[in-house]
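The entries follow the order in which I took them up.

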Amino acid sequence: MSRRFKKISTYAHMMMIMMIVVVAAACGKAPAPETKPSASVQPSSSAQASAKPADNANETISYTAENGVVKLKKNPQRVVVLESWYVGFFLAIGIKPLAVTQGAFDNPFFKGKLDGVENLGDGKSVEKILELNPDLIIAFDGNENLEKIQSIAPTVAVKYGKLNYKDQIVEFGKMTGKEDKAKEWVANWNKKIADYKPKVEAAVGSKTVSILNPYAKGLYVFGHNYGRGGEIIYDEFKLKAPPGAQKAAIDSKTGWASISLEKLPEYAGDFIFTSPWSGDTADPDTVYGSTIWKSLPAVKENRVFQVDPKAFTFNDPISLEAELDFIVEKLTQK
C-alpha cells in the first residue's frame, strides 16, 4: 500500500469518528429545563381560572371607615357582624356571616337564613371572636371593645344612621367585593316602590300616617329614618305625618320623639302602625286601654295595625322587604 493511500485512508477514518461523536452527542443531549413563559405568552383559560382564587385571596383594598383607613381582604370569607342591625345587609348581598349577635336571631324576618351561624350573644366576648378567626369584623363606632377587636382582624366601625339604607348596602358591597349585588338590590327595590306607590297613594290620599310605640313614660313617635317602617311610609311613599310628628320626628332629623299620653291626639294619624316598645316591660294597656287611645279616629275606624316589635325595629334590606309587603297590604285593604 502506497504512502499516499495510507494518508487518505487515515483522513477518512478520522472524519468518520468525528461524525459518530457529533451524532451521539446530539442523540444523548438532556431536555432543557422548563422555563416560565415570556411576557408575550398568555396562559390558557383553564390555567387562569385555577390561578384566580389564589390571587384574589391575597388581594386587599383600603377602606375608609369611622375608625380610619382599614386594609381589607378583597373578598372576605369569614365575616363577623357584631351589630344585629347590619346582618340583613350582608344576607341581601349573598354573604352569610360566620357569627352574629342574639338580636339577629330574634328577628322573625331572618328565620331560616341564619342556620349554622354562630350566636355571639351580646357580642362582648373578645375571646369568642378571636376563636372564630374572622377576616372581617363589622362593629358600631361606639363599641366599647373596638380597640381589642381591631387587633383580631380588619374591623370596620359603622356609625348608625349616618347613611340611609340604600347607601349603606352599597358601602357594605364595596368592602366585600359585592358592590354589583348591592346595586342590583337597590335597583330591584326602587322598582318595587315604583310599582306599589300609585296603589298606596290612591288608597291613602291626603290622610296622615303615624308610627307609635307605647313605653313606660308615654309613647315614642317615629319618623323617616329610625326603622319601624318609617323609611317606607315617609321616605319612599311620601305619605304625610301628623303636624306634631312631622315637626318633632322628621323635620328635626332625629327620627323619633317622646310624648306623654295626654299629647297623643296631636301625633296620631288617620292610620296608625303600632307595637309595644321592645326596650322595656311596661304594660302597653296603659296606652291601648286608655280613653284617649280609644277616642282616636284611627281606632274607631279600625285603621290601627299591630306590627311585630322585634322585627319592625330593623331597617335592613331583608327586613324592609317584609315590612313593605305588610305596609302595602294594610294601607290598601278595604
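**Entry 1. Salt bridges**

I began with K166, which forms a salt bridge with E236; the closest N and O atoms are 3.2 Å apart. K166 lies in helix α7 (residues 165-176) and E236 in helix α9, so this pair ties together parts that are 70 residues apart in sequence. I note that the model is a predicted one.

I then looked up the accessibility of both partners. K166 is partly exposed, with a relative accessible area of 21%. E236 has a relative accessible area of 11% and is buried, because the cut-off for buried is under 20%.

My search of the whole structure returned seven salt bridges. One of the pairs I examined is that of E59 with K74, where the closest N and O atoms are 3.1 Å apart. This pair links distant parts of the chain: E59 is in the loop between α2 (45-58) and β1 (60-65), and K74, 15 residues apart from it, is in the loop between β2 (68-73) and β3 (79-81). E59 is partly exposed at 29% relative accessibility, and K74 is partly exposed at 35%.

I also recorded the salt bridge of K183 with E179, whose closest N and O atoms are 3.2 Å apart. How far apart do K183 and E179 sit in helix α8? They are four residues apart, and are therefore separated by about one helical turn. An α-helix has 3.6 residues a turn, so residues three or four places apart point the same way. For K183 I noted a relative accessible area of 46%, which counts as partly exposed; E179 is partly exposed as well, at 27%.

I next turned to W189, which is placed in helix α8 (residues 179-204). Is W189 buried or exposed? Its relative accessibility is 1%, so W189 counts as buried.

I listed what W189 touches beyond four places in sequence: Y165, K166, I232, E236, L320, E321 and L324. Both partners of my opening salt bridge, K166 and E236, are therefore among the residues that W189 touches. The C-alpha atoms of W189 and K166 are separated by 9.2 Å, the two residues being 23 apart along the chain.

**Entry 2. Nonpolar cores**

I looked up the largest nonpolar core and found 76 residues in it; I138, V156, I169, F172 and L331 have the most contacts inside it. The largest share of this core, seven residues, comes from α8. In soluble globular proteins, nonpolar side chains tend to be buried together.

Leaving aside residues up to four places away in sequence, I169 touches F89, A92, I93, A182, W185, V186 and P317. There is also a second, separate core of twelve residues, which includes L82, I129, L132 and A153.

**Entry 3. S210**

I checked S210, which is in strand β8 (residues 209-215). S210 is buried, its relative accessible area being 0%. What does the side chain of S210 reach at 3.0 Å? It reaches the backbone oxygen of Y267. Beyond four places in sequence, S210 touches Y234, P242, Y267, A268, G269, F271, I272 and F273.

**Entry 4. Helix α10**

I examined helix α10 (residues 243-251), in which G244, A245, A249 and I250 are buried. These residues cover an arc of only 160° around the axis, which means that they lie on the same side of α10. On the face turned away from that buried side, I found the exposed residues P243 and K247.

Which elements do the buried residues of α10 pack against? I recorded β9 (218-222), α9 (230-236), β10 (256-259) and α11 (264-267). K253 follows α10 and has a positive phi, near 70°.

**Entry 5. The five-stranded sheet**

Finally, I traced an open sheet of five strands with parallel pairing, in the order β5-β4-β3-β6-β7. Its edge strands are β5 (118-119) and β7 (155-158), each of which pairs on one side only. Between β3 and strand β4 (residues 99-100), which run parallel, I found two bridges. The bridge partner of V80 in β4 is A99.

Methods. Residues are numbered from 1 along each chain as its sequence is written. This is a predicted model: local features need pLDDT of at least 70, side-chain atom pairs count only at pLDDT 80 or more; totals for chains, interfaces and linings use all residues. Side-chain values use heavy atoms; hydrogens and water are left out. Buried means under 20% relative accessible area, exposed over 50%, partly exposed in between (1.4 Å probe, protein chains only). The arc is that of the directions from the helix axis to the C-beta atoms. Contact means heavy atoms within 4.5 Å. A nonpolar core is a set of buried Ala, Val, Leu, Ile, Met, Phe, Trp, Tyr and Cys residues joined through side-chain atoms within 4.5 Å. A polar contact is a pair of N or O atoms within 3.5 Å; within protein, one must be able to donate a hydrogen and the other to accept it, and residues adjacent in sequence count only if both atoms are side-chain atoms. A salt bridge is a side-chain nitrogen of Lys or Arg within 4 Å of a carboxyl oxygen of Asp or Glu. Two strands pair if DSSP finds at least two bridges between them.
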